[in-house]
Amino acid sequence: MNGEGAYANLVLPALLRERGLNGRDAAFATELLAGTCRWQGSYDVIIAAAAGRPLSEWQPAVVDLLRLGVHQILSMRVPVRAAVAATVDLAAATVGERVTGLTNAVLRRVSVRSLDEWFDELSEGLDDFDQLGLRTGHPRWIVEAYADLLPESEVADALTANNVSPDISLAVRPGLADVSDLVSAGAQASRYSPFGARWRGDPAELRLVRDGRAGVQDEGSQLVTWALTKASAPPEWWLDLCAGPGGKSALLTGLAPPDGSRVLASDIAPHRARLVAAAVRAYAERGLGPTVVVADGLHPAWRAGSFTRVLADVPCSGLGALRRRPESRWRRGPTDVEQLHGLQLALLASAIDSAAPGGVVGYVTCSPHRRETTDVLNETLAVRTDIEVIPAAELLPDVPNVDLGPYLQLWQHRHGTDAMFAAYLRKTRA
C-alpha cells in the first residue's frame, strides 16, 4: 500500500511518536495501517466489485483511501457512518473535492455486506487456492508455496497466522542482561528461546533496550542463531556474513566463549553495518564487541578457511515475516524469489569457503519457500564434496516439530515465531 516503498512496521513507530499518539489512539492507527496492508489484495477485489470498474482506472491515492475505509467498515469496530465520513474528509484534504463523491458511493456499496458475505459472493467460480487466498489475504503464489510445504490440514492455519499481529520479541545480550530483567520490567519470557521475551508496547520504553543490553529480535531468529553455537566446533573467529541489522551478531557476541573466540560482523551496505554497530554497542563499551566491517560476502575481505563458525543469514523474500511486514505479500512475486536464488547459492558457497576444516556453517532464511531453502541446499550438496549436513533438530531438542528432513523449519502457527529456515553444515576438509 505504501507508495514510497517503506515498510509499515518501520515507519509507523516514529510517526506515532512524532504525532504524540499512544494508548488506544496508537493501537487504532497501528491496526488501521497494518490491517489495510495485510488485506490489500482481498479488499481490491471487493472494491472493484462494489464499484463495477477496475481499480486501474483510479489514481493510486484514491485506491489507498478506499482500502483504508473498507478496512474500518469490514474489519474494525467503526460505525459505517463514521468510517465513510472520515475517509471522505481525508480524500478531500489529500486528493481533492472531486473524488469525495466517488469515495462516498463506493464505501456505501461496500457496507451493504459483511466481510464474510463478500467472500462468499466473490468465491463463486474460484478454485481452492484462489478461494483460500481471498479469504486469508494472500496472493495465489504464496498459497501454492505453503501448500507445497505443509500438510493440507495446516495450510489455512499457517496463512491465517500471518494475519495476527505479534507481540514485540526482545532478546537480551548474553552476559549483559538476563531474561529475568525483562520479566521484572513487565515482559513475558519467550516459549523456547532462553534469551527472549515478549513485550507489548514501544521497546524504547525499556531501559535495557535504550542502553543496548537488549534489543528487538524475533524468537525464531534467536533460535537459529543459538543452534549454530550448539554444534561442536573449535574456538577462534566466528563470522556473521550478512550481519545487518545486528541482532544475530549481538547474540553471537554474547555466546562466544571466553576462550579466544571472537566475532567478525560483515555487511555489504554501510547503513546496515552502522545498525550492527548500534546493536552491539553495549558490548563495545565494555571492550567485548565484535569487529564490524563493510564488505561484500561474495568477494570476501578475509582469507578462505578463516572461521570456525559462519552464519549466512542471506537476503530473501521475507515470506516468513509476513506477520510483521504484511505488505510484503503484495509487493513480492515469484520472479523476486527466483532472482534471489542465484545470490543465495553464491553466498552459501562463500560461507562454506570461509569456514575452516571442522568448522560449522549455518544457512538461514526468513522464508519457507522451497527455492530459498531446500533447493539451495540440494544444489549446493550436489556440487560440494567438502561438507556434511548436521541434523538440525538435534541442536534444538526442546523445540518440537521443526524437522524438514535434516533441516530446521519454524512456523508461525506451530511455534509462534517467524517462519525461519536453517541448515547446518560441517566443513570436512580444506
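User: Where is the place of asparagine 401?
Analyst: This is a predicted model, where local features need pLDDT of at least 70, side-chain atom pairs count only at pLDDT 80 or more, and totals for chains, interfaces and linings use all residues. Residues are numbered from 1 along each chain as its sequence is written, and side-chain values use heavy atoms, leaving out hydrogens and water. Helices (H or I, at least four residues) and strands (E, at least two) are DSSP runs, numbered from the N terminus. On that basis, asparagine 401 has its place in the loop between strand 10 (387-390) and strand 11 (403-404).

User: What is the phi of asparagine 401?
Analyst: Most residues other than glycine have a negative phi. Asparagine 401 isn't a glycine, yet its phi is positive, at about 60 degrees.

User: Is glutamate 236 buried, partly exposed or exposed?
Analyst: Glutamate 236 sits in the loop between helix 13 and strand 5, and its phi is positive too, near 95 degrees. The cut-offs are relative accessible areas with a 1.4 Å probe, protein chains only: buried is under 20%, exposed is over 50%, and partly exposed is in between. At 49% relative accessibility, glutamate 236 counts as partly exposed.

User: Which residues does the cis peptide bond join?
Analyst: Most peptide bonds are trans. Here omega is about 5 degrees, and the proline involved has its place in the loop between strand 5 (237-240) and helix 14 (247-255). The two joined by this cis bond are glycine 244 and proline 245.

User: What is the angle between the planes of phenylalanine 195 and tryptophan 226?
Analyst: A search of the whole structure turns up 6 aromatic pairs, meaning rings of Phe, Tyr and Trp (its six-membered ring) with centres within 6.5 Å; planes under 30 degrees apart are stacked, over 60 edge-to-face, and the rest tilted. Phenylalanine 195 and tryptophan 226 make one of these, at 5.6 Å centre to centre. The pair is edge-to-face, with planes at 90 degrees.

User: How many residues apart are phenylalanine 195 and tryptophan 226?
Analyst: Phenylalanine 195 is buried at 10% relative accessible area, whereas tryptophan 226 is partly exposed at 21%. The pair links distant parts of the chain: phenylalanine 195 is in the loop between strand 2 (188-189) and strand 3 (196-199), and tryptophan 226 is in helix 13 (residues 219-230).

User: Which residue lies over the face of tryptophan 226?
Analyst: A charge sits over a ring if NZ of Lys or CZ of Arg is within 6 Å of the ring centre and within 35 degrees of the ring normal. Arginine 113 does this with the ring of tryptophan 118, at 4.8 Å from its centre. Over tryptophan 226, at 4.2 Å from the ring centre, it's lysine 230.

User: Which backbone nitrogen does the side chain of serine 169 reach?
Analyst: Serine 169 is in strand 1 (residues 168-172) and is buried, at 5% relative accessible area. Polar contacts are N or O atom pairs within 3.5 Å; within protein, one atom must be able to donate a hydrogen and the other to accept it, and residues adjacent in sequence count only if both atoms are side-chain atoms. The serine 169 side chain reaches the backbone oxygen of glutamine 217 at 2.8 Å. At 3.1 Å, the nitrogen in question belongs to glutamate 219.

User: How wide an arc do the buried residues of helix 10 cover around the axis?
Analyst: The buried residues of helix 10 (residues 152-161) are Glu154, Val155, Ala158, Leu159 and Ala161. They pack against helix 8 (128-136), helix 9 (140-149) and helix 20 (412-415), with contact meaning heavy atoms within 4.5 Å. The arc uses the directions from the helix axis to the C-beta atoms. These residues are on the same side of helix 10 because their arc is only 155 degrees.
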